[in-house]
Amino acid sequence: MSALEAWIRSMSRPEPSAEGRLPSHSPTCAGCGTENPAGLALKVDATEVGVRAVHRFDHRQEGAPGITHGGLVAAAFDDLFGFLLYRVGELAVTRSLTVEYLRPVLLRTDYEFSAHVRDRSGRRLHVEAAALDADGNPVATAHATFVVVDVEHFEQGNIAGR
């Protein structure tokens, strides 16, 4: 089985997963892969209503001194949304992503990220998320639209000679 076939099989679950730790999208995923030295290495759990992760950004994700780079906060939200696909049981890709930065996301500080599917319209999944500090205050929120796709979409990135 090729790496692409294994990935598609792991992402295409016929039944939504139960509550508990979810597997990474792939070992080299920039958001959750444990074998990507530049990645975030998110650890995500399925919940009754969606997914959740407690994450601490480190010096590798710094933007302004002591503050997480906004693009990496967006990457964390995007990857978290990708874990919702385990709950939905279909392959989908990000169509749009909007992040509202409410307060600085500090380095070396735990934040609880949670996400859920707000609604579905045909192939479009509308999803929402928030990142909360230890006191339960939102530091950032996000919403996105994902579009359900077929396997051929991902085969484009696996063409020989690339």
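How many bridges pair β5 and strand β6, and in which sense? The points below take up this question together with the rest of the fold.

1. **Basis of the note.** The model is predicted: local features require pLDDT of at least 70 and side-chain atom pairs pLDDT 80 or more, whereas totals for chains, interfaces and linings use all residues. Residues are numbered from 1 along each chain as its sequence is written, and side-chain values rest on heavy atoms, with hydrogens and water left out.

2. **Overall composition.** The protein chain contains 3 helices and 7 strands, where helices (H or I, at least four residues) and strands (E, at least two) are DSSP runs numbered from the N terminus. Read from the N terminus, the order of elements is α-β-β-β-α-β-β-β-β-α. Of the 162 residues in the protein chain, 40% are buried; buried denotes under 20% relative accessible area, exposed over 50%, and partly exposed the range in between, with a 1.4 Å probe and protein chains only. Among contacts (heavy atoms within 4.5 Å) with a separation of 6 or more, 64% join residues 24 or more positions apart.

3. **Sheet order.** The 7 strands make an open sheet with antiparallel pairing, in the order β1-β2-β3-β5-β6-β7-β4. At its edges are β1 (20-21) and β4 (92-101), each of which pairs on one side only. Two strands are taken to pair if DSSP finds at least two bridges between them. In general, strands of a sheet pair through backbone hydrogen bonds, either parallel or antiparallel.

4. **The β5-β6 hairpin.** To return to the opening question, β5 and strand β6 (residues 124-132) pair in the antiparallel sense over 9 bridges. V117 is opposite V127 in β6. The two strands, β5 and β6, form a hairpin with 2 residues between them, and G122 in the turn has a positive phi of about 65 degrees.

5. **Other strand pairings.** Strand β3 (residues 51-56) is antiparallel to strand β5 (residues 110-121), with 6 bridges between them; in this pairing V54 faces E112 of β5. Strand β7 (residues 138-148) pairs with β4 over 9 bridges, again in the antiparallel sense. Here V99 lies opposite A142 in β7.

6. **Helix α2.** After α2 comes G89, whose phi is positive, near 85 degrees.

7. **Nonpolar core.** A nonpolar core is defined as a set of buried Ala, Val, Leu, Ile, Met, Phe, Trp, Tyr and Cys residues joined through side-chain atoms within 4.5 Å. The largest one has 37 residues, of which F77 and F81 touch the most other members. Elements giving two or more residues to this core are β3, α2, β4, β5, β6 and β7, and α2 provides the largest share, 10 residues. Leaving aside residues up to four places away in sequence, F77 touches V99, F113, A129, A130, A131, A140, T141 and A142.

8. **Aromatic pairs.** Rings of Phe, Tyr and Trp (its six-membered ring) pair if their centres lie within 6.5 Å; planes under 30 degrees apart count as stacked, over 60 as edge-to-face and the rest as tilted. The count by this rule is 4 aromatic pairs. One of them, F57 with F113, is edge-to-face at 6.2 Å centre to centre, with 70 degrees between the planes. F57 lies in the loop between β3 and α2 and F113 in strand β5, so the pair ties together parts 56 residues apart in sequence. The ring centres of F77 and F113 are 5.2 Å apart and the planes stand at 65 degrees, so this pair is also edge-to-face. It links F77 in helix α2 with F113 in strand β5, 36 residues apart.

9. **Cysteines.** C29 counts as buried at 14% relative accessibility, and C32 is buried with a relative accessible area of 2%.
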